[in-house]
Amino acid sequence: MKKELKDTIVVELGQKLKEFPHFYLVNVAGLNAEQTSDLRRKCFKNEIKMVVVKNTLLHKAFEASDIDFSPLYDSLKGNTAVMFAQTANVPAKLLKEYKKDGIVTLKAAYAEEGFFVGADKLEELVSIKSKNELIADVVALLQSPIKTVVSGLNAGGKIHGLLDAIAERNK
């Protein structure tokens, strides 16, 4: 491979590292052509950008980045595919499907500004909540007291009668 091409690839990887806040390093050595195509389709469907890279070029892109990716350097061995995503837990959920077959394994991940090294971190990555999930949780928590009051008011005349009695007493 020519030096100019390598430099171009390193620059493109650097741009992807800036564009996507989360990425996973994955070993895809056990996949055949059909399985690789299936994985790529699922990645596309889930808005994940998957790129198979040379470890040395990815290492250079890490070194050129503003972020210190040194905890991931030991993971750059063997076949490496990088899964870039905007949502931290989406690639983890996809990899969990493949975990049953043991074909695709997680090497490491950079998600929510933290480093997760090793295949044993997959469950932890799956449990990370996305921004939309957190917003939904907050909304549900805010609605809970209101729902309690409304259901109490709709429960019958007991509360309504009590409020009327208090109002009559205050007159």
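**Close-ups of a predicted model**

**View 1. Phenylalanine 20 sits in the loop that links helix H1 (3-19) to strand E1.** Like everything in these views, this residue comes from a predicted model. Is phenylalanine 20 buried or exposed? Its relative accessibility is 11%, and the cut-off for buried is under 20%, so phenylalanine 20 counts as buried. Leaving aside residues up to four places away in sequence, phenylalanine 20 touches Lys49, Phe84, Ala85 and Gln86. Take the lysine: 29 residues separate phenylalanine 20 from lysine 49 along the sequence, while their C-alpha atoms are 9.2 Å apart in space.

**View 2. Helix H1 crosses helix H3 (residues 55-64).** The two axes come within 9 Å, and the crossing angle is roughly 55°. An angle like that makes H1 oblique to H3. As for handedness, H1 passes H3 in a right-handed crossing. Which residues make the contact? On the H1 side they are Lys6, Ile9, Val10, Leu13, Gly14 and Leu17, and H3 brings Leu57, Leu58, Lys60, Ala61 and Phe62. Sorted by class, this H1 and H3 contact comes out as eight nonpolar residues, one polar and two charged.

**View 3. Helix H2 (residues 33-45) packs with helix H4 (residues 90-99).** Here the axes lie 11 Å apart, at an angle of about 155°. The cut-off for roughly antiparallel is over 145 degrees, so H2 is roughly antiparallel to H4. The crossing of this pair is right-handed. H2 makes the contact through Gln35, Asp38, Leu39, Lys42 and Cys43, with Leu94, Glu97 and Tyr98 on the H4 side. What classes of residue meet where H2 contacts H4? There are four nonpolar, one polar and three charged residues.

**View 4. H4 has a set of buried residues: Pro91, Ala92, Leu94, Leu95 and Tyr98.** Seen around the helix axis, they cover an arc of only 160°, which puts them on the same side of H4. Some helix geometry is handy here: an α-helix has 3.6 residues a turn, so residues three or four places apart point the same way. What do the buried residues of H4 pack against? Their partners are strand E1 (22-27), H2, strand E3 (80-85), strand E4 (105-111) and helix H5 (122-126). Two of the buried residues, Leu94 and Tyr98, turn up again in the contact of H4 with H2.

Notes
Residues are numbered from 1 along each chain as its sequence is written. This is a predicted model: local features need pLDDT of at least 70, side-chain atom pairs count only at pLDDT 80 or more; totals for chains, interfaces and linings use all residues. Side-chain values use heavy atoms; hydrogens and water are left out. Axes are lines fitted to C-alpha atoms, for helices over the stretch in contact, and angles run from 0 to 180 degrees between N-to-C directions. Helices (H or I, at least four residues) and strands (E, at least two) are DSSP runs, numbered from the N terminus. Angles under 35 degrees count as roughly parallel, over 145 as roughly antiparallel, 65 to 115 as roughly perpendicular and the rest as oblique. A crossing is left-handed if the near helix is turned anticlockwise from the far one by less than a right angle, and right-handed if clockwise. Contact means heavy atoms within 4.5 Å. Ala, Val, Leu, Ile, Met, Phe, Trp, Tyr, Cys and Pro count as nonpolar, Asp, Glu, Lys and Arg as charged, and the others, Gly among them, as polar. Buried means under 20% relative accessible area, exposed over 50%, partly exposed in between (1.4 Å probe, protein chains only). The arc is that of the directions from the helix axis to the C-beta atoms.
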